[in-house]
Amino acid sequence: MLKNRLMSILGLLVVASMILAACAPATPAATEAPAVEPIAAPAEPVATEAPTAEPEPTAVPRTTRTGGWLDSITMIGVSPDSVVTQLQAGEVDLYASTLGRAEDFKSAQDAGLDYSQNYGGTYELTFNPYGGGENGALFDASTGKLNPFAVSAIREAMNMLVDRNYIVQEVYGGLATPKFFPINGAFPDYAMLADVARELEAKYAFNEEAAAAAIGAEMEKLGAVKNADGKWTYNDELVSVIIIVRNDGDGTRKPIGDYVGAQLEKIGFTADLQYKTSSEASPIWIRGNPGDGLWHIYTGGWITTAVSRDDGSNFLFYYTADGLGQPLWQAYKPTEEFYAVSQKLNNNDFATLDERRELFANALRLSMQDSVRVWLVDQKAFSPYRPGVQVTSDLAGGIQGAQLQAFTLRFADQEGGEMTYAMSDMLVEPWNPIAGSNWVYDTAPKRFINDYGVIADPFTGLAQPQRIESAVVTVKEGLPVGKTLDWITLEFAPEIQVPADAFVDWDAETQTFITAGEGTTALRKSVVTYPADFFETIKWHDGSNFSVADFMMLWIMTFDQGKEASAIYDEATVSTLETFLSAFKGFRVTSTDPFVVEYYSDVYALDAELNVFTNWPEYGYGNAPWQMIALGNLAEANAELAYSADKADANGVEWMSFIDGPSLEVIGKYLDQAIAENYIPYAATLGQYITAEDAAARYANYKAWYEAHGHYWVGTGPYMLDKVFSVEKTLTLTRNEAFPDLADEWAGYAAPKIAEAEVDGEGRVTIGTEAAFDVYVNYEGAVYPANEIKEVKYLLFDATGALVVTGMAEAVADGQYVVKLSAEETAKLAEGSNKLEVVVVSKLVSIPTFAAFQFVTAK
């Protein structure tokens with residue numbers, strides 16, 4: 001599930017978006033500008049002298065074709081067990097989901113298939129932490145059942161009960177690495193925190209005996225006892241742990257669930273393994289009431305859909321009620337300290353990089369103590385496709401997560417054609433742009449339908465301009481912000497005054513914006529200008545021209561749901577709105593022709609490119625024109641449909657879908673009503689931008705669209721959603737001929753230049769003497785130029801696994817570095833085997849490279 005709903009409110013560029021997936025979340029390719037503010041910070045400011053992160057385009061002939069390369073795309077669900085066979089037979093052209101098993105990789109290679117690899121998949125154990133009753137660990141009174149995982153100490157001990165190395169080797173055949181934290185081991189923040197991470201990894205390493213002792217002590221405190229068979233009981237009933245095990249996707253979660261169940265049985269629990277697909281599991285673990293006691297553990301999988309340059313927001317998302325409005329998230333109760341640290345990292349509320357590092361280190365420690373999730377592995381997965389298929393894959397999100405897939409997917413040396421695009425599931429949950437499905441199977445097709453103000457670079461995570469013409473970012477002097485790409489202007493100022501007439505809040509009763517007034521300052525200002533012909537050239541799929549009202553509706557929805565006086569008030573959005581307002585300082589539209597928008601905030605990113613606020617109408621779960629939102633609001637205000645799953649359940653109504661099901665009749669009713677009344681939503685504000693003629697034309701186009709396609713989902717991207725077949729779980733996309741860009745606009749992205757590293761040196765070192773080790777850095781057999789390397793860090797571990805020394809290697813020549821250990825440093829080592837680990841950080845890709853060297857010390 002994408003982190004998009006939170007991002008819509010808090011205004012973070014979903015560059016590290018998480019998506020719930022069969023093969024591993026949801027959130028992040030990244031959606032460009034979720035509702036309010038596109039932000040994601042890197043681990044450190046990017047040096048301005050760095051070579052451009054843009055890949056050199058391969059020279060290709062220009063085309064005259066606009067829109068997508070293909071005429072049509074049919075998206076279907078295919079079991080990962082049969083996908084290689086179907087690719088060989090030509091029944092499928094591309095499998096966009098990921099495969100992670102070693103045997104699958106070998107089968108794809110033996111079949112002569114092409115493939116892309118990515119690093120964004122993660123797997124974990126999601127715990128149900130609901131606790132009530134006299135001991136604080138009971139499900140709702142009607143069940144009377146004990147929930148051991150309401151106790152944080154038991155969840156924390158679970159880290160030691162699972163052997164991550166076993167899972168890596170036995171389940172993934174080595175195509176994964178052990179994972180302990182909510183940050184990706186392949187991204188910059190892990191490299192920056194490698195010393196802290198290694199320390200915690202040693203503390204929480206597999207230790208079955210210690211886990212059993214810690215869990216047993218807590219169980220006794222809860223009043224549980226073991227029976228004669230060594231099984232935990234509570235009130236004379238066996239303590240049964242319900243594990244929802246996903247049996248679809250890439251096939252790796254079933255053996256994980258089986259293993260975890262066996263480990264729990266070993267220490268006295270009774271494991272109840274329930275195997276389910278994503279569609280079967282979702283209503284229970286994410287949409288259901290956690291207090292009902294229908295589950296304890298879920299085998300979770302997430303996809304980081306774009307390279308994350310800042311994983312700081314992950315703590316607020318994964319461990320607090322601010323993360324999502326879903327019932328499970330509302331059961332999260334982090335400590336005050338953990339919540340405060342999570343908020344600071346989420347909002348970049350720090351003055352220096354050293355302060356950020358300290359916050360991050362503390363968050364890692366606190367996340368392990370909380371452990372509503374026990375992380376298991378980071379996966380190196382792959383997506384196979386037939387020879388002759390071309391597509392850009394994101395280093396994190398792979399094909400299904402890449403924004404650029406829609407712009408680059410084609411048959412080689414061919415314009416047009418029909419392609420069959422498969423994933424392991426399709427159409428999992430309802431589509432609506434406010435709080436609909438965020439499953440990767442539903443977000444992947446939306447990426448073909450969407451367009452973007454800026455678009456995420458698939459190799460660096462930096463924003464590249466798509467629809468905007470220019471951007472100027474101003475930050476307060478002293479803040480550690482840098483830029484990499486030439487398209488953006490970065491300026492510094494001693495003080496940034498927010499204009500008195502900037503909009504800072506919303507009055508839900510008068511349906512008007514509230515101005516900032518005099519005396520407000522901000523840490524960051526973004527000014528974005530759209531092209532002069534934007535409103536003439538950009539059209540929604542129903543033929544309507546883009547308008548200023550589409551931009552302004554985004555802002556209204558940012559506030560309105562969180563206001564109690566609103567007809568569409570949703571209590572679950574209040575905390576996220578409050579968090580957003582704590583750092584938001586205002587926005588102002590200074591021109592509507594061309595469209596120019598200013599944005600002010602105390603939240604800033606360390607990359608100038610990620611401080612750009614585009615105002616693009618992305619609501620977190622899809623792009624939407626104003627009339628689409630207006631009809632959804634009417635249905636929700638009249639309590640016939642609800643945007644969110646939890647509100648739908650609470651009100652006993654349908655979870656809103658703009659593509660299928662009973663919702664279509666309700667939306668159609670309000671469309672007819674809007675036509676009859678020539679309805680202008682939020683007229684006190686949007687009436688400035690929507691005339692009666694505009695409204696009539698929009699509604700007429702929208703109704704004609706429905707009559708032609710049988711659904712109400714429209715975008716502005718290179719493909720249009722043609723038909724939806726819910727029962728068959730398939731859909732078709734057709735080329736948008738009105739799309740203004742040439743099909744080869746994003747052609748020519750080269751392969752990412754991921755460094756390869758090797759460490760060499762003496763295998764025996766005398767304690768108390770100097771030692772030196774060589775580090776060689778290459779790419780595909782050629783040396784990696786020193787000016788393309790940001791840093792080469794080293795970590796020295798002694799024979800006990802303790803971290804002894806950290807430092808920076810010295811550059812000797814292109815592709816060669818040296819680690820020098822002083823006599824004082826080697827004197828800290830005891831006799832035995834030691835490990836020197838190096839971390840190579842490139843300027844061209846955001847994935848660090850790790851390499852290690854073992855050596856012996858003696859006196």
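**Reading the calls in a predicted model**

Guide: Start with Ala639, in the loop between helix 20 (626–637) and strand 27 (641–642). Keep in mind that the model is predicted.

Visitor: Why is Ala639 called partly exposed?

Guide: Its relative accessibility is 45%. Buried needs under 20% and exposed needs over 50%, with partly exposed in between. Ala639 therefore counts as partly exposed.

Visitor: Which other residue has a positive phi without being a glycine?

Guide: Lys729, with phi near 60 degrees. Lys729 lies in the loop between strand 29 (719–725) and strand 30 (730–735). Its relative accessible area is 25%, so Lys729 is partly exposed as well.

Visitor: Back to helix 20. How do you know that its length fits its residue count?

Guide: Take 1.5 Å a residue. The 12 residues should then span 16 Å, and the end C-alpha atoms are 16 Å apart, so the two agree.

Visitor: Why is helix 20 called largely enclosed?

Guide: Because 11 of its 12 residues are buried. Among them are Trp626, Met628, Ile629, Leu631 and Leu634. The buried set also includes Gln627, Asn633 and Glu636.

Visitor: What makes Lys669 and Glu640 a salt bridge?

Guide: The rule asks for a side-chain nitrogen of Lys or Arg within 4 Å of a carboxyl oxygen of Asp or Glu. Lys669 and Glu640 meet at 2.7 Å, N to O. The pair links distant parts of the chain, 29 residues apart: Lys669 in helix 22 (residues 663–677), Glu640 in the loop between helix 20 and strand 27.

Visitor: Are Lys669 and Glu640 buried or exposed, or what lies in between?

Guide: In between. Lys669 is at 41%, so it counts as partly exposed. Glu640 is at 27% and is partly exposed too.

Visitor: How do you know that Arg287 and Glu429 form a salt bridge?

Guide: Their closest N and O atoms are 4.0 Å apart. The cut-off is within 4 Å. Arg287 lies in the loop between helix 10 (278–285) and strand 11 (297–304), and Glu429 in the loop between strand 15 (418–423) and helix 16 (440–449), so the pair ties together parts 142 residues apart in sequence. Arg287 is partly exposed at 23%. Glu429 has 5%, so it is buried.

Visitor: What makes Asp501 and Arg588 a salt bridge?

Guide: A closest N to O distance of 3.3 Å. The pair spans 87 residues, from the loop between strand 20 (496–497) and strand 21 (503–507) to strand 25. Asp501 has 44% relative accessible area and is partly exposed. Arg588 has 23% and is partly exposed.

Visitor: How many salt bridges does the rule give?

Guide: The count comes to 34.

Visitor: Which residues gather in a patch of negative charge on the surface?

Guide: Glu469, Asp533, Glu536 and Asp593. A patch residue needs over 30% relative accessible area and no salt bridge. Glu536, in helix 17 (residues 534–537), has 53% and is exposed.

Terms used. Residues are numbered from 1 along each chain as its sequence is written. This is a predicted model: local features need pLDDT of at least 70, side-chain atom pairs count only at pLDDT 80 or more; totals for chains, interfaces and linings use all residues. Side-chain values use heavy atoms; hydrogens and water are left out. Patches are made of residues with over 30% relative accessible area and no salt bridge: like charges are joined within 9 Å, nonpolar side chains (Val, Leu, Ile, Met, Phe, Trp, Tyr) within 5 Å. Accessible areas come from the Shrake-Rupley method with a 1.4 Å probe; for residues, only the protein chains shown count as cover. Lys and Arg count as positive and Asp and Glu as negative; His and the chain ends are not counted. The place of a charge is taken as NZ of Lys, CZ of Arg, CG of Asp or CD of Glu. Helices (H or I, at least four residues) and strands (E, at least two) are DSSP runs, numbered from the N terminus. Buried means under 20% relative accessible area, exposed over 50%, partly exposed in between (1.4 Å probe, protein chains only). The expected span of a helix is 1.5 Å times one less than its number of residues.
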